[in-house]
Amino acid sequence: MAAKKAADDDIRASDQDWTIERPGGLTLESGTGHVALAETTALGAIPREDVAAVIMAVFAEPETRGPTLDLHAAT
């Protein structure tokens, strides 16, 4: 956790475009495509596949640059 926080702080201090994602507990289950994503949300478990899909979706949309987002599986 300390290493993740230090990396997040370094990214925020840079002059690069960034979006920080903070997933809940990672699982090996198949992704569902249903995630809760917000600047503050109660953390829960999330399949790694869904985290990867969110990373790709955020990367593809320049207007999503800048926030720190929590994500977990939505029911």
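This dialogue goes through a predicted model, from its overall layout down to single residues.

Me: Before I look at any feature, what should I know about the model and its numbering?

Reply: The model is predicted, with local features needing pLDDT of at least 70 and side-chain atom pairs counting only at pLDDT 80 or more, while totals for chains, interfaces and linings use all residues. Residues are numbered from 1 along each chain as its sequence is written, and side-chain values use heavy atoms, with hydrogens and water left out.

Me: How many helices and strands does the protein have, and in what pattern do they follow along the sequence?

Reply: Helices (H or I, at least four residues) and strands (E, at least two) are DSSP runs, numbered from the N terminus. Here there are two helices and five strands, and the order along the sequence is α-β-β-β-β-α-β. The radius of gyration, taken over C-alpha atoms, is compared with a globule rule of 2.2 Å times the number of residues to the power 0.38. For this protein the radius is 12 Å, close to the 11 Å that the rule gives for 75 residues, so the protein is as compact as a globular protein of that length.

Me: Which residues of helix H2 are buried, and which are exposed?

Reply: Buried means under 20% relative accessible area, exposed means over 50%, and partly exposed lies in between (1.4 Å probe, protein chains only). An α-helix has 3.6 residues a turn, so residues three or four places apart point the same way. In H2, which covers residues 48-59, the buried residues are Asp-50, Val-51, Val-54 and Val-58. Seen down the axis of H2, these buried residues fall within an arc of 100° (the arc of the directions from the helix axis to the C-beta atoms), so they line one face of the helix. Met-56 and Phe-59, on the other side of H2, are exposed, whereas Ile-55 in the helix is partly exposed, with a relative accessible area of 43%.

Me: What covers the buried residues of H2?

Reply: Contact means heavy atoms within 4.5 Å. The cover of the buried residues of H2 includes strands E1 (20-23), E2 (26-27), E3 (35-38), E4 (46-47) and E5 (68-73).

Me: How do E1 and E3 run relative to E5, parallel or antiparallel?

Reply: Two strands pair if DSSP finds at least two bridges between them. E1 and E5 run parallel and are joined by four bridges, with Pro-23 standing opposite Leu-71 in E5. E3 and E5 run antiparallel, also joined by four bridges, and here Ala-38 stands opposite Asp-70. Five of the six residues of E5 are buried, so this strand is largely enclosed by the rest of the structure.

Me: Where does Thr-64 lie, and what does its side chain reach?

Reply: Thr-64 lies in the loop between H2 and E5, and its side chain reaches the backbone oxygen of Val-58 at 3.0 Å. The C-alpha atoms of Thr-64 and Thr-19 are 7.1 Å apart in space, although the two residues are 45 residues apart in sequence.

Definitions and conventions
Expected span 1.5 Å × (residues − 1). Polar contact = N/O pair within 3.5 Å; in protein donor to acceptor, adjacent residues only side chain to side chain.
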